[in-house]
Amino acid sequence: MILRRKDSQNRLQSAHRAEGLFSPHGRLRRVLRYGGYLMLAVIALLVAGFLHFADQVTLMVPPENPKADAIVVLTGGYQRIDTAIELLERKAGQRLLISGVDPNTTPSQIRRMTQTSPALFNCCVDVGYQAIDTIGNANEATRWINDKHYASVLVVTSNYHMQRSLMELRRLDRQTDFIPYPVVNSDLRTKAWFSDPNALRTLLAEYVKMLLAQGRDIVGWESWSGLRSAMR
């Protein structure tokens, strides 16, 4: 009888504990409720951040009369390089670095593709083969800038890529004045980019990369240089 009574009491206590845990005011319900609130807040913050990022990209326009000591273009398409060469021809900068060129691409191939005069290309264009990503672009470019003692540099890259490029450059070099010169591939201001799968995919991918780059600042992870020489 005593054992049965104790067993019944234990069952009642377990039932009360379970009831208290899952009750509307129980601990588990509170954790789940506040966890859900936190998740909704994080999602809302990410969505708001993406919309702000997309808005900044769509509003980017190149300066009308750019002028700097030098020009750096981050590879990713010949339209970027064509734009940088045109700026060099207009004397917007004294010298040009094409950063992140594929090792199989020769300077003469770039010159022919961009239809640059041999005299201008040979005197004023440097080709960088070390960078393999945006972090590498920043490392390659800042080394070139510091070697040549430039104080101001025009940065040429696609509009969606500009914010992260400037972030990486300014992380390494806080003295140089980096002037953005965005290459606008399509008119996102008048075009409904959110209804264009390609534009939406590109903006989302770049936004995620921006978040990861910002996370590197918080965590302090600086082991990756993005240079081919570091991989050997």
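This is a predicted model: local features need pLDDT of at least 70, side-chain atom pairs count only at pLDDT 80 or more; totals for chains, interfaces and linings use all residues.
Leu46 lies in helix H2, where helices are DSSP runs of H or I with at least four residues and strands are DSSP runs of E with at least two, numbered from the N terminus. Because its relative accessibility is 40%, Leu46 counts as partly exposed; on this scale buried means under 20% relative accessible area, exposed means over 50%, and partly exposed is what falls in between, with a 1.4 Å probe and protein chains only.

Residues are numbered from 1 along each chain as its sequence is written, and side-chain values use heavy atoms, with hydrogens and water left out.

Together with Leu38, Val42 and Leu211, Leu46 makes a nonpolar surface patch of about 330 Å², and helix H2, residues 27-58, gives the largest share of that patch, three residues. Such patches are made of residues with over 30% relative accessible area and no salt bridge, with nonpolar side chains (Val, Leu, Ile, Met, Phe, Trp, Tyr) joined within 5 Å and like charges within 9 Å; the areas come from the Shrake-Rupley method with a 1.4 Å probe, and for residues only the protein chains shown count as cover.

Let me turn to helix H3. This helix, residues 78-89, has twelve residues and reaches 16 Å from its first C-alpha to its last, close to the 16 Å expected at 1.5 Å a residue, the expected span being 1.5 Å times one less than the number of residues. Among the buried residues of H3 are Arg80, Ile81 and Leu88, and just after H3, Lys91 takes a positive phi of about 65°.

How many salt bridges are there, if one is a side-chain nitrogen of Lys or Arg within 4 Å of a carboxyl oxygen of Asp or Glu? The count comes to four. One of them joins Glu86 to Arg90, with the closest N and O atoms 3.9 Å apart. Another joins Arg95 to Asp126 at 2.7 Å, and this pair links distant parts of the chain, since Arg95 sits in the loop between H3 and strand S2 (96-99) and Asp126 in strand S3 (residues 125-127), 31 residues apart. Arg95 is buried, with a relative accessible area of 18%.

A further salt bridge runs between Glu168 and Arg171, whose closest N and O atoms are 2.2 Å apart; both residues are buried. Because they are three residues apart in helix H7 (residues 159-172), Glu168 and Arg171 are separated by about one helical turn.
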